[in-house]
Amino acid sequence: WIKVSLDARGVACVTIANAAKLNTLNRAVMTALIDAVEALADQPTLRVVVLRGAGTRAFIGGADITEMATLDARSARDFITLVHRSCEVFRRLPVPVIARIQGYVLGAGLEVAAACDMRVAASDATFGMPEVRIGIPSVVEAALLPQLIGWGRTRELLLTGETIDAATAERWGLVAQVVAPEGLDEAVERRVAAMLECGPRAISAQKALIQAWENLPMRGSIHRGIDCFAASWDSDEHARM
């Protein structure tokens, strides 16, 4: 279900390999994904992770509808918690994660993408949160969307269940860049190369600090930054660079 490669630079590519079903997330796929990413976190050479779906038709087409149809109130809690863990595992990584997006990005797929640090999309990508159209709300990491696209656009996306194209996603700030499909890998690589030029400890500290800012008031964010800056002198990375 999950393919992982790690090159000599410390760049990992994680591929959700369920192309025949639009890389949808069922329990087996999600469990394998969480295990694979947690194992990556233990790699001392890891610098950047690129997440992609197999094939060209979908990044992640959502959660598996067939499995969802069998849920009851008890199993629904377990299933959606697994969806949350599939998102959170990327936020917990100490290195940046780039979502390489092509094709459909729906429901749980968009939640996973939102949990990544950067999103680069091909012009053929389609984004949506269609859960209300099948009688359930959008939940878990959909809560990240207001910080990315604002409350108004979040409401439009979640309350209508309609999809948006890649150009709209870029205009809304949901993705950083939209390129032709043949230029997608190059656009991702430019970001990878830029981050490889930076201090690995500084990048890790910056990711953690950005996530702390999401939950802190302004004064707390500033003081957390002061602590983070002072802690940079615990290593010689700044002196070497």
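Trainee: Which residue in strand 9 is the bridge partner of Gly128?

Mentor: The partner of Gly128 in strand 9 is Thr163. The model is predicted, so local features require pLDDT of at least 70 and side-chain atom pairs pLDDT 80 or more, whereas totals for chains, interfaces and linings use all residues. Residues are numbered from 1 along each chain as its sequence is written, and side-chain values use heavy atoms, with hydrogens and water left out.

Trainee: In what sense do strand 8 and strand 9 pair?

Mentor: Strands are DSSP runs of E with at least two residues, helices are runs of H or I with at least four, and both are numbered from the N terminus. Two strands pair if DSSP finds at least two bridges between them. Strand 8 (residues 126–128) pairs with strand 9 in the antiparallel sense, over three bridges.

Trainee: What is the strand order of the open sheet?

Mentor: The order of its four strands is 4-6-8-9, and the pairing is mixed. Strand 4 (58–60) and strand 9 (163–165) are the edge strands; each has a single partner, so one side of each lacks a neighbour in the sheet. On average, neighbouring strands of this sheet are turned by 20° against each other, direction ignored. Axes are lines fitted to C-alpha atoms, for helices over the stretch in contact, and angles between N-to-C directions run from 0 to 180 degrees. Helix 4 lies across strand 4, strand 6 (104–106) and strand 8, at about 90° to strand 6.

Trainee: Is strand 3 largely enclosed or open?

Mentor: Buried means under 20% relative accessible area, exposed over 50%, and partly exposed in between, with a 1.4 Å probe and protein chains only. Strand 3 (residues 48–53) is largely enclosed by the rest of the structure, because five of its six residues are buried. Strand 2 (residues 11–16) pairs with strand 3 in the parallel sense over six bridges, and Val11 stands opposite Val48 of strand 3.

Trainee: How is the packing of two helices described, and at what angle do helix 1 and helix 3 cross?

Mentor: The description consists of the angle between the two axes and the distance between them. The axes of helix 1 and helix 3 (residues 73–92) come within 9 Å and cross at roughly 30°. Their crossing is left-handed, a term for a near helix turned anticlockwise from the far one by less than a right angle (right-handed if clockwise). Contact means heavy atoms within 4.5 Å. Residues of helix 1 including Met30, Leu33 and Val37 meet residues of helix 3, among them Phe79, Leu82 and Phe90. By class, this contact of helix 1 with helix 3 holds nine nonpolar, three polar and three charged residues. Ala, Val, Leu, Ile, Met, Phe, Trp, Tyr, Cys and Pro count as nonpolar, Asp, Glu, Lys and Arg as charged, and the others, Gly among them, as polar.

Trainee: How many salt bridges are counted?

Mentor: Side chains of opposite charge can pair when their charged atoms come close. A salt bridge here is a side-chain nitrogen of Lys or Arg within 4 Å of a carboxyl oxygen of Asp or Glu. The count is eight salt bridges. One of them joins Arg27 and Glu67, at 3.2 Å from N to O. Arg27 belongs to helix 1 (residues 27–41) and Glu67 to helix 2 (residues 65–68), so the pair ties together parts 40 residues apart in sequence.

Trainee: Is Lys207, the partner of Asp117, buried or exposed?

Mentor: Lys207 counts as buried, at 7% relative accessibility, while Asp117, at 30%, counts as partly exposed. The closest N and O atoms of this salt bridge are 3.0 Å apart.
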